[in-house]
Amino acid sequence: MKICQSFAVACLGPLLLFVHTALAESTVGDTIIVTATRTEIPLHDAIVPVTVITREDIELSLATDLAELLRFQAGIDLGRHGGPGQATSVFLRGTDSNHTLVLLDGVRINPGTLGGAAIQHIAPEIIERVEIVTGARSALFGTDAIGGVINIITRRAENAYVESSVGAGSFDTQTGYVSAGNRSDRSEFGITLNWKETGGYSPRVESDIERGYDNLSANLYAARRFDDSELSFRHWQTEGVVEYLDFFLTPVDQDFRNTTTAVELNNKWTEKSASKLIVSFMQDDISQNQSDDFVASDRVSLDWQYSHSLSAHTLTAGLYAIDENAETLSFGSGFDEDTSIRAVFVQDQWSRGRHRSFVALRLTDHESFGNHTTWNAEYAFDINDAWSLTAGIGHAFRAPDATDRYGFGGSPDLQPEVADEAQVGLHYAPGTKHRVDIELYSNDIEDLIEFDLATFTLQNIAAAEIRGAEISYEYRGENFVFRAEAVRQKADNAKTGQRLLRRAEESATVSFTRDFGEHRMGLSVFASGDREDFGSVELDGYVIASLSAQFALSDDWSLHGRIENLLDTEYQTAASFRMQDRSGFVELKYRWR
């Protein structure tokens, strides 16, 4: 109740003062997405819930990494071990932190060693948009996609442009980036370089020792079109140093490096058929600077799909293959393991009149765990021009990573975690102004991996029962957008009834953006209920807010600013790890096009 009252006072009051302004029809076109079905579809045709964070949202937020972009999304819990660069876990719809698959332009970046992708190192400056698909998606993308998929789409040029900025802020933070690109009828290319350095603050509540972070990122792409084909090349890498405090509060640091390289070939064979082939290479490396310990993961992937359109169907089939190596050294012991995975998948999108459906089936041959079948079946019915009903069920799995099997306390005999998910939705969109979405979901996960004190190893001894409800509202005016969302869920151990760790049972978010001619302002507020953490620690609920603004100084120059943690809330998303106090950041940006 206290959280709800604080949320209302801190957020709804100021926002309602803004909403009295004149309303007009929105001219925003429908967004095209690719993650929900592996093919391009309009956002309103997606049967499962999809959230899109646009380039405009990213620029206004002045976020410093992907985690900061995600934290104002209701239904996403973050467990962050302190400030910039510190390890960050994503809990999507109550599932575990390694149950969310993260893609970069469709390429899997979850490492083969530790499960969760290093979202804390992904610079927003390289991102065009983020597509968040909630719900089981193993039939489309394989292991890990039990809770959903986060697909990061990197920037591509629509025309010639040059963009650069310099910034500074609290904690001795300094930033800078340059981005440029060009596009013609036959080719396109682009490059983005981003640099960030910060003195940081103490990540642990028991210590005052400040720990810093630096990151240098690069993203480049090039494409060439030949009649009905396109060949493209993409490369992303980020590297730097993370300073932190170890278990004994000793100052230590580690080097990190993450890369993906991909070559993609798109062919339009006929007016109704097309294929896409992606060959990629991924690396995820961490090395300690006070010892010889390291974690290294690399993966070569081949992902091919063929789609054919009929009168009411779009049929898609494909092949998927990866060869992966995971290697670690910790306190003098470690492992070096190779893994191969092969898969074949088929799916069908059907639409006729007021009816739409999507079905997908995937057969996976995992070198360590044998054959697994995953599937999705979804249906939508348009009651009338304003109301629609959706429903979906899915079966997903997650194969234990190399650390689960061969790391400290690991067990080579582990079996995959399997999940059965169901969701139903009611949607109201009478025009281009208003939209209301109500979603109910359940997810039952069997053979959940948990540390067994009896054997002092990881075992398939747990199960999870997740039940939740989401309601969201969006209003688009001529020069402002208002969004609100609330989530209520229970994520419990199905065998003991205990709450799953680091997941709140309720959360709500409100965002408001307003254009004043060429200027823009935004306010985002997020409220979270309490959560439990390791050692039976209860973390209090909290309300945080962020205020941001863009001021056009001329046709080419603009000044951006952000006040982070506007309410100066003291809170933790992981026990004993301090989160950011009230702080400020400014950025001077130049853009030519």
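## A nonpolar patch on the surface

Which residues form a nonpolar patch on the surface, and about how much accessible area do they have together? In this predicted model, the patch is made up of Val178, Ile191, Leu193, Leu220, Phe226, Leu231, Phe233, Val263 and Leu265, and together these residues have about 670 Å² of accessible area. Strand S12 (187-201), strand S13 (211-226), strand S14 (229-245) and strand S15 (251-268) are the elements that give two or more residues to the nonpolar patch.

One of the patch residues, Ile191, is found in strand S12, and Ile191 counts as partly exposed because its relative accessibility is 39%.

In soluble globular proteins, nonpolar side chains tend to be buried together. The largest nonpolar core here has 24 residues, and those with the most contacts inside it are Leu66, Leu70, Ile119, Ile122 and Ile127. At least two residues of this core come from each of helix H3 (66-70), strand S4 (76-80), strand S5 (88-92), strand S6 (100-104), strand S8 (127-134) and strand S9 (148-154), and H3 gives the most, with four residues. Apart from residues up to four places away in sequence, Ile127 touches Arg55, Ile58, Leu66, Leu69, Ile122, Ile152, Ile153, Thr154 and Arg155.

Val149 has its place in strand S9 and is buried, with a relative accessible area of 0%. When residues up to four places away in sequence are not counted, Val149 touches Thr35, Leu92, Leu101, Leu103, Glu131, Ile132, Val133, Arg137 and Phe141. The C-alpha atom of Val149 is separated by 9.7 Å from that of Val50, a residue 99 places apart from Val149 along the chain.

Arg234 is found in strand S14, and Arg234 counts as buried because its relative accessibility, 12%, is under 20%. Leaving aside neighbours within four places in sequence, Arg234 is in contact with Asp105, Val107, Leu220, Tyr221, Thr260, Thr261, Ala262 and Glu264; one of these residues, Leu220, also belongs to the nonpolar patch on the surface.

Two of these contacts can be described further. A polar atom of the Arg234 side chain lies 3.2 Å from the backbone oxygen of Asp105, while the side chains of Arg234 and Glu264 meet in a salt bridge, with an N to O distance of 2.9 Å. This pair links distant parts of the chain, 30 residues apart, with Arg234 in strand S14 and Glu264 in strand S15, and both residues are buried.

## Other salt bridges

Side chains of opposite charge can pair when their charged atoms come close. Across the whole structure, a search finds 46 salt bridges. In one of them, the side chains of Arg93 and Glu470 meet at 3.2 Å, N to O; Arg93 lies in the loop between S5 and S6 and Glu470 in strand S25 (residues 457-476), so the pair ties together parts that are 377 residues apart in sequence. Both Arg93 and Glu470 are buried.

The side chains of Glu230 and Arg225 also meet in a salt bridge, at 2.8 Å, N to O. Glu230 is buried, with a relative accessible area of 17%, and Arg225 likewise counts as buried, at 13% relative accessibility. Elsewhere, a network of salt bridges links Arg108, Asp144, Arg398, Asp401, Asp404 and Glu417.

Conventions: Residues numbered from 1 in each chain as written. Predicted model: local features only at pLDDT ≥ 70, side-chain atom pairs only at ≥ 80, totals over all residues. Heavy atoms only, no water. Core = buried A, V, L, I, M, F, W, Y, C linked by side-chain atoms within 4.5 Å. Buried < 20%, exposed > 50% of the residue type's maximum accessible area, 1.4 Å probe, protein only. Contact = heavy atoms within 4.5 Å. Patch = residues over 30% accessible without salt bridge, like charges linked within 9 Å, V, L, I, M, F, W, Y side chains within 5 Å. Areas by Shrake-Rupley, 256 points an atom, 1.4 Å probe, with all protein chains shown as cover. Salt bridge = Lys/Arg side-chain N within 4 Å of Asp/Glu carboxyl O. Polar contact = N/O pair within 3.5 Å; in protein donor to acceptor, adjacent residues only side chain to side chain.
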